[in-house]
There are 2 protein chains.
Amino acid sequence: MGRKRVTLADVASAAGVSGTTASLVLSGRGDELRISPTVQQRVREASAALGYRPNIVSIGLRNGSSRTLGFVSDTVATSQLAGDMIKGALETARAHGFMLFIGETEGDPELERQLLDAMLDRQVDGIVLASMFTRTRPLPSGLDQVPAILLNALPEQRTTSIPAVIPDELTAGRAAAQLLLDAGHRSVHLVGAGPGEHDVPPGTVAGVERLAGIRETLHAAGLELASGHLASEWEPRVGWEATHRLLEEWGPGQAIITLNDRLAFGAYQAIQEARLTVPGDVSVVSFDDAPLAQWLRPGLTTFAIPHHDLGRRAVELLVEQIGADGATTGTSSEPVHRVSMPLRERGSVAQRR
Amino acid sequence: MGRKRVTLADVASAAGVSGTTASLVLSGRGDELRISPTVQQRVREASAALGYRPNIVSIGLRNGSSRTLGFVSDTVATSQLAGDMIKGALETARAHGFMLFIGETEGDPELERQLLDAMLDRQVDGIVLASMFTRTRPLPSGLDQVPAILLNALPEQRTTSIPAVIPDELTAGRAAAQLLLDAGHRSVHLVGAGPGEHDVPPGTVAGVERLAGIRETLHAAGLELASGHLASEWEPRVGWEATHRLLEEWGPGQAIITLNDRLAFGAYQAIQEARLTVPGDVSVVSFDDAPLAQWLRPGLTTFAIPHHDLGRRAVELLVEQIGADGATTGTSSEPVHRVSMPLRERGSVAQRR
DNA sequence: TAGCCGGGCTAAGCCGATTTAGCACCCGTC
DNA sequence: GACGGGTGCTAAATCGGCTTAGCCCGGCTA
């Protein structure tokens, strides 16, 4: 510890040249500025011998960039899914030579302010404002100082020019319904929302769009949802209750769409307790592709939230915006980028008997 | 975008004073250096009016600190548990005025090198080297440049002076066995390792210590493990297989310790398929306290990995080391810090009939 | 022999702060 | 009226790198 870092000045004096010369050589402009091969060689050797690494902080101070991004999310820990999003962001950032500051707000606007300030104080080149479940949200001030992007969230005021990256929930909703129709099902139940267009937990983009996609596709086939079960908490207990009641009322032979995998887990438990089986007696389709989905028996067929891709895409767009160096503000053409939700077929859907 | 940041010079010229004066006033040394109240007032007003915020990068360049820590882990995403560890680290860092760079190595030493370099290049004040499951690991070079700490990992060479923070697995192992003994059980089975002292998946500290604690406590009661099931992958499928076979051989009335919650999940499935119940026919105790554990019916009794506390403790120790400012190296007395694993009693253990 | 050109390198300023050393002024004193 | 001693503020150096402008020297031309 405490061994001081090697600076450019150290390299220069070791090579017997000025700092300027050392800088030119090491930044590859040696030939351009006609430094003799002998000297270049000497500088490079000294640099290697001392293990010189440029101080990025200093460079950043000079040219006003830090090769650093801020990633502010409302929650990292509660959702196991979030990790993938961060991972996608981290990998992409690294690939472009950026490091990421991570911050968590717990949904507290005051804390969010503090984190943003702390990041801006550290001269981040851009900000990713992430949400762990898709929702609309107000924008904090200060985002006009640097390029910014919304991840898994939409701006509450649509007047803003900040781009957003979200999963393509609408298309996934359509596909979920179509999957059941293709398997011959005509009695489709929804757990988590519905049956009406507006029966949706407040503030969730996912709920609204998935429901809309499902209803749209059913309508196109001349059908309506057989039942719906609006719930503000999409937890296993709720899935169990809804399914328990649903089976009592309708009996076997149903197709169920659960709005996330935890609801599906509860549905499985209720189906099992009713001495019925998935998918023989009841078909289940879900959303999210939580790790849980592949542990269930049989595996749960579900539309994955493309967390990794979302994180990647957000950082890509941000880096692009930064690369433009603030010169042309109009680099970002499309304000909302939708990332498709891939289907994981695992065996919880069967052809209607 | 692109509205340039307000600098100290801006404040100074707005207040009609020198940069020196502005700096002194804003850093609270105004009285000490006899700046008149009038001028102090003017500076403060100018600062507030312009919304001045000091550039931490610049300050860092001057005094050689960045108020920034690096957090390098092998994996963030795969384990939902990891999030809590990072969260604990983030919160604690913030509380001490630090921001965190997060990096993920995927277990690749080359990538780890690059990440460490990228962080050191950005002048981090300290490094947390984290592992998502407890293990021994070699130390990369360069950790002698700044204070560092191992999180959920132990140094392979015990000669090092780098402190480590790990869960107290041994004590938890003892407590798990004791819990079953107290419930009157005498036939205790282990899934994931055992029955012998050395029947442990290679490289896992958790496996070794949990097994040792379990065996030790059973021995003290004059017992041995009734059976063990060594497995290198602690996944639901394995738990199902082991439990399925175990029930065929031993019948109901057993007590099972699974070495993690995914194994327990598989055990539940096997027990359910054998038309037996938890905890009436079989008691189950586990480790980790994954989210899954509270979703199971009945809830799983398990010893929680204290991820949040681990993250917190690691950063606390690191900040302490940094606070000492490299002056006295011997601030860290104890090299290995053990964090206790709390029991979550949920109802998967019953008194022996 | 003066002037010009180009090769090969360096001095000095800058980024945004902190900090040390010290300047200019006023008042009182001998 | 020179000197001493506060008072109230500022110039300049520093951190570590980049960058512009320009220096010095030798050879060639007029």
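This is a predicted model: local features need pLDDT of at least 70, side-chain atom pairs count only at pLDDT 80 or more; totals for chains, interfaces and linings use all residues.
Modeller: Let's start with a definition: helices (H or I, at least four residues) and strands (E, at least two) are DSSP runs, numbered from the N terminus.

Biologist: Which peptide bond of chain A is cis?

Modeller: The one from A:V278 to A:P279, with omega near -5°. A:P279 sits in the loop between α10 (261-273) and β8 (282-288) of chain A.

Biologist: How do I read a pair of packed helices?

Modeller: Two packed helices are described by the angle between their axes and the distance between the axes. Axes are lines fitted to C-alpha atoms, for helices over the stretch in contact, and angles run from 0 to 180 degrees between N-to-C directions. Here, helix α2 (residues 19-26) and helix α3 (residues 37-50) of chain A have axes that come within 10 Å and cross at roughly 85°. The two are therefore roughly perpendicular to each other (65 to 115 degrees; under 35 is roughly parallel, over 145 roughly antiparallel, the rest oblique).

Biologist: Which residues of α2(A) and α3(A) meet?

Modeller: In contact (heavy atoms within 4.5 Å) are A:T21, A:A22, A:V25 and A:L26 of α2(A) with A:V39, A:Q40, A:V43, A:R44 and A:S47 of α3(A).

Biologist: And how do I read the interface between the chains?

Modeller: The size of an interface is often given as the accessible area lost when the parts come together. For chain B and chain A, the buried area (accessible area, 1.4 Å probe, lost on being put together, summed over both) is about 5500 Å², 57% of it on carbon and sulfur atoms. Each chain's share of the contact is 60 residues from chain B and 60 residues from chain A.

Biologist: How many salt bridges cross the interface?

Modeller: The rule (a side-chain nitrogen of Lys or Arg within 4 Å of a carboxyl oxygen of Asp or Glu) finds 10 salt bridges there. One of the salt bridges joins B:D121 and A:R53, whose closest N and O atoms are 2.5 Å apart.

Note on methods: Residues are numbered from 1 along each chain as its sequence is written. Chains are lettered from A and ligands numbered from 1 in the order in which they are written. Side-chain values use heavy atoms; hydrogens and water are left out. Buried area is the accessible area (1.4 Å probe) that two parts lose on being put together, summed over both.
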